Amino acid sequence: MVKATPITAQEICVHAKNRFAGWRYSVAAVAFLLGLAATVDSSLAQGKAAFLLPGSINDQSWNAQGYQGVEKLKAMGWEVAYTENVQAADMVEGLRDYARRNYGLVVGHTGRFLSAAERVGPDFPNTLFVVGSGSAGAGKNVASIDFDNTQFGYLMGVLAARMSKTGKIGSVNSLEGLPNVVAQVGAFRKGAKSVRPDIEVRVVYIQSMEDAAAAKEAALSLIAGGADFISGKLNAAQAGIIQAAKEKGVYVNGRSTGHTAIAPENVLTNIVEQWADMYAAAAQDSKSGTLGGKYLLYGLNSKGSTGAQLRYSQDREFNSVVPADVVAELETLKKKFAAGELKVAVTREDARGGI
């Protein structure tokens with residue numbers, strides 16, 4: 001973010017002395033300068049952050065995780081504001097509105113905010129626009145952050161392949177071609193194939209990340225075709241595949257421990273994204289001016305935040321039905337990711353719809 005360098009009281013006084021050499025300073029003048037310095041320092045120290053979310057903060061999924069970022073920054077002493085259910089047509093104006101109101105950090109909590117941020121950014125050089133789940137930085141004050149979808153998609157693929165009895169697994173998703181969707185879905189397929197090369201992985205894309213009914217219908221079609229583990233990268237629609245798995249008695253993964261509560265016998269684990277931690281890191285970077293223009297991924301091999309965690313519940317990673325040897329295999333893979341020994345590259349072909 002383009003911002004002024006903090007000015008101390010001593011620097012103001014030195015500047016004044018150099019400019020007005022020979023002048024005598026009254027006690028009142030010095031007090032004024034010190035007061036001005038304190039005001040400048042205070043305004044720099046006090047952060048204002050605003051969040052725009054594409055859905056409801058009560059969806060137990062993507063938007064709820066974004067709202068945790070609001071609460072985290074508030075607990076850190078930031079002045080915060082947020083708007084939920086922001087439609088695509090309103091994204092540009094939503095970003096502009098908060099920037100006009102002097103919010104120094106404005107977050108768009110979905111990759112779909114990237115083009116809007118790129119349009120608005122040049123008009124507000126003193127505001128840092130951060131796109132959660134974005135795919136690129138732009139200029140000096142537009143940044144994207146995300147968790148490493150590839151790592152967690154790969155782990156989920158291994159888990160699905162190991163737990164499948166039919167040799168068929170499926171994945172229901174939306175926004176085909178979006179970089180982080182490609183990353184997770186493609187890695188899911190590659191992870192499964194890495195341990196069972198003959199396993200059938202069928203991928204289905206639906207129109208909306210929020211349409212639980214469509215997601216459930218897609219999951220039921222996969223299950224009818226023999227799939228006994230269903231994964232997916234959806235927002236509110238994730239609940240649809242959880243419901244389908246519950247009804248048909250197959251395994252599934254969710255995106256929050258709230259999904260475990262829907263179907264505790266069917267959910268094996270959840271990819272719980274640590275957006276509060278990632279936004280906290282971005283907020284700190286916004287103070288130092290080091291984030292603008294960047295695209296940062298948080299993963300098992302990064303400092304400060306792993307970006308996401310596998311959690312079945314608050315006290316354990318996996319459902320008790322997952323065998324110990326499978327848990328051990330996944331822990332070994334996690335350590336390899338953390339050490340940089342395992343790196344997975346995916347393409348759009350890896351995330352293709354169909355088998």
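This is a predicted model: local features need pLDDT of at least 70, side-chain atom pairs count only at pLDDT 80 or more; totals for chains, interfaces and linings use all residues.

Student: How many aromatic pairs does a search of the whole structure find?

Tutor: Rings of Phe, Tyr and Trp (its six-membered ring) pair if their centres lie within 6.5 Å; planes under 30 degrees apart are stacked, over 60 edge-to-face, and the rest tilted. The search finds seven such pairs. One of them joins Trp 62 and Trp 275, and is edge-to-face because the planes meet at 85°, with the centres 5.2 Å apart.

Student: Which helices hold Trp 62 and Trp 275?

Tutor: Helices are DSSP runs of H or I with at least four residues, numbered from the N terminus. Trp 62 belongs to helix H3 (residues 62-75) and Trp 275 to helix H11 (residues 275-288), so the pair ties together parts 213 residues apart in sequence.

Student: Are Trp 275 and Tyr 279 buried or exposed?

Tutor: Both are buried, that is, under 20% relative accessible area with a 1.4 Å probe, protein chains only. Their pair is tilted, at 5.3 Å centre to centre and 35° between the planes. Ring pairs join Phe 51, Trp 62, Trp 275 and Tyr 279 in a cluster.

Student: Where does the charged end of Lys 287 sit?

Tutor: A charge sits over a ring if NZ of Lys or CZ of Arg is within 6 Å of the ring centre and within 35 degrees of the ring normal. The charged end of Lys 287 is over the ring of Trp 78, 5.1 Å from its centre.

Technical notes
Residues are numbered from 1 along each chain as its sequence is written. Side-chain values use heavy atoms; hydrogens and water are left out. Helices (H or I, at least four residues) and strands (E, at least two) are DSSP runs, numbered from the N terminus. Buried means under 20% relative accessible area, exposed over 50%, partly exposed in between (1.4 Å probe, protein chains only).
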